[in-house]
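User: I'd like to learn how to read a structure like this one. Could you walk me through it, one feature at a time?

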Amino acid sequence: MSDEAVLALVVAVRALVPLLIFRWNLAGAFLAIAADGSDAVIQDVLGAEPLRGWYHEFDKVFDTYYLGIALWVARSWGDRLAWTVLVSLFALRAAGVVVFELTGARAVILAAPNIFENYYLVLAGLRSMDSGYRLSGWREALVWLVLVSPPKLLQEYVMHYREAQTWRFVRDEIVTPWD
């Protein structure tokens, strides 16, 4: 498949899948996260690399796009405290992405991790069990923040600071280690 066709497929997946968040807040977010990881898989499976040399810029634009949709959806929940926390986490990440793109300093990603994503997933999950769920106060908001942050910090360190190729590691070390 040509680089142009693979690029069109990757763009379609990354642009269309996050729209599912509007209909299914939690499942749509999980599918958007899967779509986020799909570009490397699609390119590898189809034997093309149309994003070579500008993958990070492409990825950050589409990450911000799907996180923005999730933020927009969270606004409709009517939970002012959740909205405040999510806007703050989104703004931190967006500022970090801008600084990273301007400077190339990978440490910025650790200072501005995408904790928004995990925080949103927890709240969307709780709301999927009880549509009237609201954070009870700042104490609960901070407890969730403390609980969801470490896994995301580890992921940011491995993927963005150490630049580990997650899909290639899974493919080479787990899926086909004896080939």
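User: Let's begin with one residue. Where is Ile69, and is Ile69 buried or exposed?

Analyst: Ile69 sits in helix 4; helices here are DSSP runs (H or I, at least four residues; strands are E, at least two), numbered from the N terminus. Ile69 counts as buried because its relative accessibility is 7%, where buried means under 20% relative accessible area, exposed over 50%, and partly exposed in between (1.4 Å probe, protein chains only). Before we go on: this is a predicted model, so local features need pLDDT of at least 70 and side-chain atom pairs count only at pLDDT 80 or more, while totals for chains, interfaces and linings use all residues. Residues are numbered from 1 along each chain as its sequence is written, and side-chain values use heavy atoms, with hydrogens and water left out.

User: Which residues does Ile69 touch?

Analyst: Not counting residues up to four places away in sequence, Ile69 touches Pro18, Leu19, Ile21 and Phe22; contact means heavy atoms within 4.5 Å. Asp130 is 61 residues apart from Ile69 along the chain, and their C-alpha atoms are separated by 21 Å.

User: What about Phe22: where does Phe22 lie, and which residues is Phe22 in contact with?

Analyst: Phe22 belongs to helix 2 (residues 20-23). Its relative accessible area is 46%, so Phe22 is partly exposed. Leaving aside neighbours within four places in sequence, its contacts are Ile69, Trp72 and Val73.

User: How do I read a pair of helices, say helix 3 and helix 4?

Analyst: Two packed helices are described by the angle between their axes and the distance between the axes. Axes are lines fitted to C-alpha atoms, for helices over the stretch in contact, and angles run from 0 to 180 degrees between N-to-C directions. Here the axes of helix 3 and helix 4 come within 11 Å and cross at roughly 180 degrees. That makes helix 3 roughly antiparallel to helix 4 (over 145 degrees; under 35 is roughly parallel, 65 to 115 roughly perpendicular and the rest oblique).

User: Which residues make the contact?

Analyst: Helix 3 brings Asn25, Ala32, Ile33, Asp36 and Asp39, and helix 4 brings Tyr55, Phe58, Asp59, Asp63, Tyr66 and Val73. By class, the contact has six nonpolar, one polar and four charged residues; Ala, Val, Leu, Ile, Met, Phe, Trp, Tyr, Cys and Pro count as nonpolar, Asp, Glu, Lys and Arg as charged, and the others, Gly among them, as polar.

User: Is Asp59 buried or exposed?

Analyst: Asp59 is buried, with a relative accessible area of 4%. Beyond neighbours within four places in sequence, Asp59 is in contact with Arg14, Asp36 and Asp39.

User: And how do I read a nonpolar core?

Analyst: In soluble globular proteins, nonpolar side chains tend to be buried together. A nonpolar core is a set of buried Ala, Val, Leu, Ile, Met, Phe, Trp, Tyr and Cys residues joined through side-chain atoms within 4.5 Å. The largest one in this model has 29 residues, and those with the most contacts inside it are Trp77, Leu86, Phe116, Tyr119, Tyr120, Leu123 and Leu135. Two or more residues come from each of helix 3 (25-46), helix 4, helix 5 (80-103), helix 7 (115-129) and helix 8 (138-161). Helix 7 gives the most, with eight residues. A second, separate core has nine residues, including Val6, Ile42, Phe58 and Phe62.
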